[in-house]
Amino acid sequence: MRKRLALFALGAAMMIGMGTTVYAEEEYTIALIPQQVGIPYFETSNVWGTKAGEDLGCEVIYTGPTSGDAAAQANIVQDMITKGVDCIAISPLDASAIEPVLKQAKEEGIKVITWDSDVTDTSLRDAYVNCCSEKVLGEHLMQRFAEYMGEEGEYAIITSVLTAQNCSAWAKYATEYQETNYPNMTRVAYEPCDDDQSKAYAITQNLMTAYPELKGILGVTTPAPPAAAQAVGEAGKNGEIVVTGVVEASAAKSYLEDGSMQEANIWHPGKLGYLAVYTAKTLLDGGEITDGMDIPEVGVVEVKGDQIIMTELLDITTENVDDFDF
């Protein structure tokens, strides 16, 4: 932490004054804050983020709210400021709720990066580690979804919380792509599940009742596709109602195999966590990540301004689901 390092530096200076040469390598403390702990997606990011800390000689503190609670996430950031961490790496639930404490962190000299999701006021962070271009991902989600739906019929989107920047952007670009390229498809609902799988399950049941001609559900948050698939399967509508979206291979596997989900579309959440910590350490060292750089454990990244973007998208089906360890 910054305070501990300052004391160490003071001690080192005193030893040098006594004729002893001291070489010290700083150990940074990085707070890796997800939107919610306990979700497989973010827990995988934690495993890889912690590994990045070990590889790079940093301490990683993984902590976040236990539910989709933006105020709780802001309180956690406040706690990390008090602890004196060197960098806060956060996936914001709600930009308006988190920006005041991120402003305070910046004023305290703490590096701030966002990952997975961004803030509105980009001056409050040093970089945004993005899983994929939001437009590219949103359009890709719709292309895959429409292929299974046959490019016609009624569909619904289940999202996270309405304030989640990333999910909102993916849904926006997916819908715009549909309206331009698949005019015979109609979005009849856009429902937030608050990253609660039981709520996404209930939403799906209600959608099937409200829209008897419903042909598909696209989930843009990881709890949504398995919940939707469960409800569709229990209703005996496997294949009749298409389910695809953003979800880990492990959570999708049983539903892909029983036919209640057609495809999962995602990046590697572990690599995203690794890249977040790698970026934090690089910035703390005064370095930079450049376009086309090959990051250890992650691969080649794209850099656009202060965005560092992973370039790998994965389409997971019954044929390849066992190839993935997340």
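## Exercise 1: the cavity

Sort the lining of the largest cavity by residue class.

Step 1. The lining splits into 8 nonpolar, 4 polar and 2 charged residues. The classes work like this: Ala, Val, Leu, Ile, Met, Phe, Trp, Tyr, Cys and Pro are nonpolar, Asp, Glu, Lys and Arg are charged, and the others, Gly among them, are polar.

Step 2. A ground rule: this is a predicted model, where local features need pLDDT of at least 70 and side-chain atom pairs count only at pLDDT 80 or more, while totals for chains, interfaces and linings use all residues. Residues are numbered from 1 along each chain as its sequence is written, and side-chain values use heavy atoms, with hydrogens and water left out.

Step 3. A cavity is a set of points on a 1 Å grid over the protein atoms alone where a 1.4 Å probe fits but cannot get out, and lining residues have an atom within 4 Å of a point. Grid points are joined across faces, edges and corners, and the volume is the space filled by probe spheres set on the points.

Step 4. The count is 1 cavity of 30 Å³ or more, and the largest cavity has a volume of about 110 Å³.

Step 5. Of its 14 lining residues, Asp 116, Asn 166, Cys 167, Thr 221 and Thr 222 lie nearest the centre. Helix H2 (40-56) and helix H6 (165-181) are the elements giving two or more residues to this lining, and H6 gives the most, with 3. Helices (H or I, at least four residues) and strands (E, at least two) are DSSP runs numbered from the N terminus.

## Exercise 2: a loop glycine

Is Gly 292 buried, partly exposed or exposed?

Step 1. Find Gly 292 in the loop between helix H10 (269-284) and strand E11 (294-295).

Step 2. Its relative accessibility is 45%, so Gly 292 counts as partly exposed (buried is under 20% relative accessible area, exposed over 50%, partly exposed in between, with a 1.4 Å probe and protein chains only).

How values were computed:
On a 1 Å grid over the protein atoms alone, a cavity is a set of points where a 1.4 Å probe fits but cannot get out, and a pocket is an open set with protein on both sides within 12 Å along at least five of seven lines; lining residues have an atom within 4 Å of a point.
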